[in-house]
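Try each task before you read its solution.

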Amino acid sequence: MNNLLLIAYLDLKESLRAHWFMIYSLVFGGLIALFFIAGITESQVMGFSGLSRLLLMYIQVTVIILPIFILITTVRSISGDRDSHILEYMLSFPISLKQYYWGKVLGRFITVFLPVFMAMVIAVVYGVFQGADVPWSIFFLYTGLLFSMSSAFLGIAFFISSTVKSSEMALGISFFVWIVLLAFIDIALISLMLQNRMSEGLIIAIALLNPMEVFRVAAISLFDPELTVMGPVAFYILDLFSQGVFVVLSILYPIFVGVLFAVAGYRVFRKKDLV
Amino acid sequence: MIRLNNVSKTFGTTCSLDHVTIAFNQGDAVALMGANGAGKTTLIRLILGYYHPSSGSVRIDGRDPIKERTEILKQVSFVPQLPPPIKLNVGELIAYVCRSAQVTEAAIYQYADEMRLDIAPNRGKSFFKLSGGMKQKLLIAISLAKQSAIMIYDEPTANLDPQARDDFYRLLQHNEQNKLALFVTHRIEEVKTIVNRKIYLDLGKVVSDETC
């Protein structure tokens, strides 16, 4: 086992024992599984609109909870180890900074993605046993979207974690990032549009830069591209792009954001004082 | 072996190490002393490649400890003053050390035995849940098992009882020949029988360097 995989493996084992991981799995995974199960079973009884409503609830939960969970659990990965002098000891062994950093990224990615993915798997298995038709296209799209959104926020979290010296500061910045991105989904954008202080193109560009908005629009688009609940910005975006192009973009763009921030975080980690 | 050439390290407006030029050679057993904030820890961290010097250079066997950290750290053992709250269990920590530093488990067990620490019943326990003394003994056993040419101990006996301190110094005497050992200490009485050089730091400068 090379050192990168060793770090990833140990980080994974450490996370699996942590209280935050148990809460993460129970609250988030359980909630998603519940929504999925409810959506699949309800759809046979209530028809299309019932499923849309339930999945919309699911999307709202995912958009809000997943980023903040990833940020607050990951952001202390390096800054917390630095605060508690764990980094000082662990890096006194011949492990390269590249192996340490990317090993942590890999381990933490598996930790945050696995419960979310497993929740969907459980939901699908439950649906099969209930005799429901499994919406495979939705399942695969959601897997891709959750993978890409996990990548985006994991990269941002590692960037914050390696840039900031104290874990308290890292937590504060995480909340700030989350609130800003949350604000710039439709609610803030609608008010900007209403006030007409910015051009429509700029508002759409802001929306498309936000991985949370991209996730939300892509998640809605597969179910009901003409439904008004998606909001005016989302409607405009889906009018601008074909659904296929936007789905591909919505998976690739957050991964790009995540990789970009993770690489930037690594460069900072390598260039700055380690402890 | 280790050469610091005109090294300064500042943090904001605070100068922690001020144009220090010093060399440590094979066979040196050095007591690094000084008041809190004198620059001892900064000096150690520069040697370990954790800090980038603000000016000057640090070389270990002619190599840069930042650019060639893995090669340098293969020959360095380090024990911090306070064992960090590592969340791995003891078995995982030992696995980390063995795989990253090519140390054998048998060697760690052997030195742990010499330090009167029985690893086997504690293997599944989280490292941070061990008592302070047990943690320090394990870190000392790991440092000795690594058989490094450079051994750095930052107040290593702070958590140890008198018996464990005696065990530690006895083991060191057997293991420090032809090596370089650096001890950050406030208690010169404890290490005076094993050091052959005493360095005093104050306000980031070397104020005294005595061979004994």
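**Exercise 1. Work out which pattern chain A follows along the sequence.**

Step 1: Helices (H or I, at least four residues) and strands (E, at least two) are DSSP runs, numbered from the N terminus.
Step 2: The tally for chain A is 13 helices and zero strands.

A word on the model: it is predicted, so local features need pLDDT of at least 70 and side-chain atom pairs pLDDT 80 or more, while totals for chains, interfaces and linings use all residues. Residues are numbered from 1 along each chain as its sequence is written, and chains are lettered from A and ligands numbered from 1 in the order in which they are written.

**Exercise 2. Find the strand order of the open sheet in chain B.**

Step 1: The three strands are ordered β2-β1-β4, with antiparallel pairing; strands count as paired if DSSP finds at least two bridges between them.
Step 2: In chain B, β2 (14–24) and β4 (55–60) are the edges; each has a single partner strand, so one side of each lacks a neighbour in the sheet.
Step 3: Now look at strand β1 (residues 2–11) of chain B, which is joined to antiparallel β2(B) by seven bridges. Across from R3(B) you will find A23(B) in β2(B).

**Exercise 3. Determine what percentage of the 275 residues in chain A is buried.**

Step 1: Call a residue buried if 20 or more other C-beta atoms, placed from the backbone, lie within 10 Å of its own C-beta.
Step 2: In chain A, 43% of the 275 residues are buried.

Key:
A residue is buried if 20 or more other C-beta atoms lie within 10 Å of its own, exposed if 12 or fewer, and partly exposed in between; C-beta atoms are placed from the backbone.
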